[in-house]
Amino acid sequence: MVPLRNERSNVDSFVNDLAAQDFEGELEVLVADGASDDGGIERLRAAAREAGLPLQVIDNPAGWVSPGLNACIREAHGDLIVRLDCHSRYPRDYLRRCAEVSEQTGAWNVGGRLVPTGTTPIERAVACAMDSPFGGIGWTRSGGSARVETDTVTFGAFRPEAFERVGLFDEALVRNQDDEFNMRLRAAGGRIVLDPAITVVYRPRGSFGGVWRQYFEYGLWKVPVMLKHRRIATVRGVVPLVFVLGSVGLLAGAIRSRTARRLLVAEWLLYGALGVFFAARGARGRDEPWTLMPAVLAAFPTFHLGFGSGQAAGLVRALWRRRS
């Protein structure tokens, strides 16, 4: 199942990836179109027809992801419902490995490693930062070859009984619907398994402004998920909020307090030192030139401040709505 809107530039590679899969079972491709107006759906239909892929396009007038996913789930007939995304690339063994892990483990949701890969300098820098534990996704990735149980996976391949037991995605959520669904899944006794042998190649946003907006929205919509379940999904998920609020608080106090000024300087010196270390390690680990390191370093606060600011805005919005 694929929610999309205006993906004309990506549909050819997406269809090529699906057509090249070595999965030998029956395949149905369900696409929820969020009112695309770039000619992408026409191009998608033509490419799928040429590749011999069984394609069904479903209207998603709401435009965002959750209603599109739910529309696809209602139409799905397979034993495994695999969420895909047009921005990503899939190796030829992707569907087969998802099916094998699902069958072998009985987990309600399985997935693999996200491999960020860029082409432009900014995309490559963001990819280096994403690939780092300091950037974010490194926290949830297995360091070896063993399968592990986890709290969430990228996109995911779901057994139909998962939706039968816990319902569909929350259509009130524009972002973070995956995390919210996986919280319900685990609360109902379901398992989520990550297999590092399953990989998804992800192309990051091509500008720091785009990355900031992306992570701000992630943080903004994290708050409704936490309020809905009355708990924090993971401690790492609130670290950016604590960082932002701590910095703002110390900055306000620095006007009158020498201690606050010293703590603020110490906080940002520590953050900067960690950023330099992980930027250097990330660039070296991906064989990038040292000239890319400043951009990698800049990506870290774009992630953290964007996400933390989004969470702060989400809290303010929730309090305002509660008082209204």
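Which elements do the buried residues of H1 pack against? In this predicted model, the buried residues of H1 pack against strand E1 (2–4), strand E2 (29–33), H2, strand E5 (88–89) and helix H4 (94–105). The residues of H1 that are buried are Val11, Ser13, Phe14, Val15, Asp17 and Leu18.

The C-alpha atoms occupy a box of roughly 70 × 50 × 40 Å along the principal axes. The radius of gyration is 21 Å, which agrees with the value near 20 Å that a compact globule of 324 residues would have. Of the 324 residues in the chain, 47% are buried. Sequence separation can be considered as well: among contacts between residues at least 6 apart in sequence, 80% join residues at least 24 apart.

Rolling a probe the size of a water molecule over the atoms shows where empty space is left. With a threshold of 30 Å³ or more, the count is 1 cavity. The largest cavity holds about 40 Å³ of space. Its lining consists of Phe14, Val15, Leu18, Val29, Leu44, Ala48, Leu53 and Leu55. Two elements, helix H1 (11–19) and helix H2 (40–51), each give two or more residues to this lining. The largest share, 3 residues, comes from H1. Phe14, Val15 and Leu18 are part of the lining, and these residues are also among the buried residues of H1.

Glutamate 288 sits in the loop between helix H10 (258–285) and helix H11 (293–323). Is this residue buried or exposed? Glutamate 288 has a relative accessible area of 17%, and it counts as buried because this value lies under the 20% cut-off. Leaving aside residues up to four places away in sequence, glutamate 288 touches Arg124, Cys128 and Ala283. With one of these, arginine 124, the side chain of glutamate 288 makes a polar contact of 2.8 Å.

Key. Residues numbered from 1 in each chain as written. Heavy atoms only, no water. Helix = DSSP H or I, 4+ residues; strand = E, 2+ residues; numbered from the N terminus. Buried < 20%, exposed > 50% of the residue type's maximum accessible area, 1.4 Å probe, protein only. Polar contact = N/O pair within 3.5 Å; in protein donor to acceptor, adjacent residues only side chain to side chain. Contact = heavy atoms within 4.5 Å. 1 Å grid on protein atoms, 1.4 Å probe; cavity = no way out; pocket = protein on both sides within 12 Å on 5 of 7 lines; lining within 4 Å. Points joined across faces, edges and corners; volume = space filled by probe spheres on them. Rg over C-alpha atoms; globule rule 2.2 N^0.38 Å.
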